Amino acid sequence: ATIREFAAAAGIEPRRAKQPGPRQAPSRPWREFRSQDGWPILVGRNARGNDQLTLRKARPQDLFLHVRGAQGSHVIVPTPSGKTVPRDTLLDAALLAWHFSGLSRRPRGEVDYVQRRHVRKPKGTPPGLVTLQRQKTLSLRADEARKRRILGTERK
């Protein structure tokens with residue numbers, strides 16, 4: 001008797017070889033959202049993704065945001081040369097920086113922002129760690145309606 005005949009007599013179903021499923025495209029190391037004004041906002045997924053987004057993808061004139069005093073995602077607002085980021089886009093990006101940080105459950109927070117050209121990566125520092133020069137700070141309060149709206153714009 002063959003193994004298949006023995007298995008069938010014992011009521012055991014033979015294993016079928018797994019069929020390869022459709023190939024998944026590798027996910028980008030950042031998420032993409034759309035601001036109320038229609039501007040793209042990019043948010044790092046993890047420390048390595050933060051480095052890729054900030055140090056490789058972002059251009060010098062792009063806006064960089066990060067929650068103050070805690071770990072969190074780097075947020076980049078791609079900014080065309082000579083343009084100023086609209087106020088609502090700045091608030092949406094700051095809210096995303098706060099949401100994807102260790103301080104997201106607090107009712108208030110502060111987010112630093114600066115042009116990418118003023119972000120530095122000191123030699124030998126771990127992934128995701130950067131220093132800022134000439135940053136400004138934005139104070140935020142929880143705004144659930146704005147948060148729901150901006151999170152609903154994520155591009156899959």
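Helix axes are lines fitted to C-alpha atoms over the stretch in contact, and angles between them run from 0 to 180 degrees. With that in hand, we can look at this predicted model.

- Helix α3 (residues 87-99) and helix α4 (residues 144-151) have axes that come within 10 Å and cross at roughly 90°.
- An angle of 65 to 115 degrees counts as roughly perpendicular, so that is the label for α3 and α4.
- On the α3 side, the contact is made by Asp88, Leu91, Asp92, Leu95, Leu96 and His99, which meet Arg146, Lys147, Arg149, Ile150 and Leu151 of α4.
- Sorted by type, the residues of this contact are five nonpolar, one polar and five charged.

**Salt bridges**

- The whole structure holds 13 salt bridges.
- One of them joins the side chains of Glu32 and Arg155, at 3.0 Å from N to O.
- Glu32 sits in strand β1 (residues 30-34) and Arg155 in the segment after α4, so this pair ties together parts 123 residues apart in sequence.
- Glu32 is buried, as its relative accessible area is 9%.
- Lys121 pairs with Asp51, with their closest N and O atoms 3.4 Å apart.
- Lys121 is partly exposed at 27% relative accessibility, whereas Asp51 is buried at 12%.
- Arg59 and Asp62 also form a salt bridge, at 3.0 Å from N to O.
- Arg59 is partly exposed, at 37%, while Asp62 is buried, at 2%.
- Shared partners join Asp88, Asp92, Asp143, Arg146 and Arg149 into one salt-bridge network.

Methods
Residues are numbered from 1 along each chain as its sequence is written. This is a predicted model: local features need pLDDT of at least 70, side-chain atom pairs count only at pLDDT 80 or more; totals for chains, interfaces and linings use all residues. Side-chain values use heavy atoms; hydrogens and water are left out. Helices (H or I, at least four residues) and strands (E, at least two) are DSSP runs, numbered from the N terminus. Angles under 35 degrees count as roughly parallel, over 145 as roughly antiparallel, 65 to 115 as roughly perpendicular and the rest as oblique. Contact means heavy atoms within 4.5 Å. Ala, Val, Leu, Ile, Met, Phe, Trp, Tyr, Cys and Pro count as nonpolar, Asp, Glu, Lys and Arg as charged, and the others, Gly among them, as polar. A salt bridge is a side-chain nitrogen of Lys or Arg within 4 Å of a carboxyl oxygen of Asp or Glu. Buried means under 20% relative accessible area, exposed over 50%, partly exposed in between (1.4 Å probe, protein chains only).
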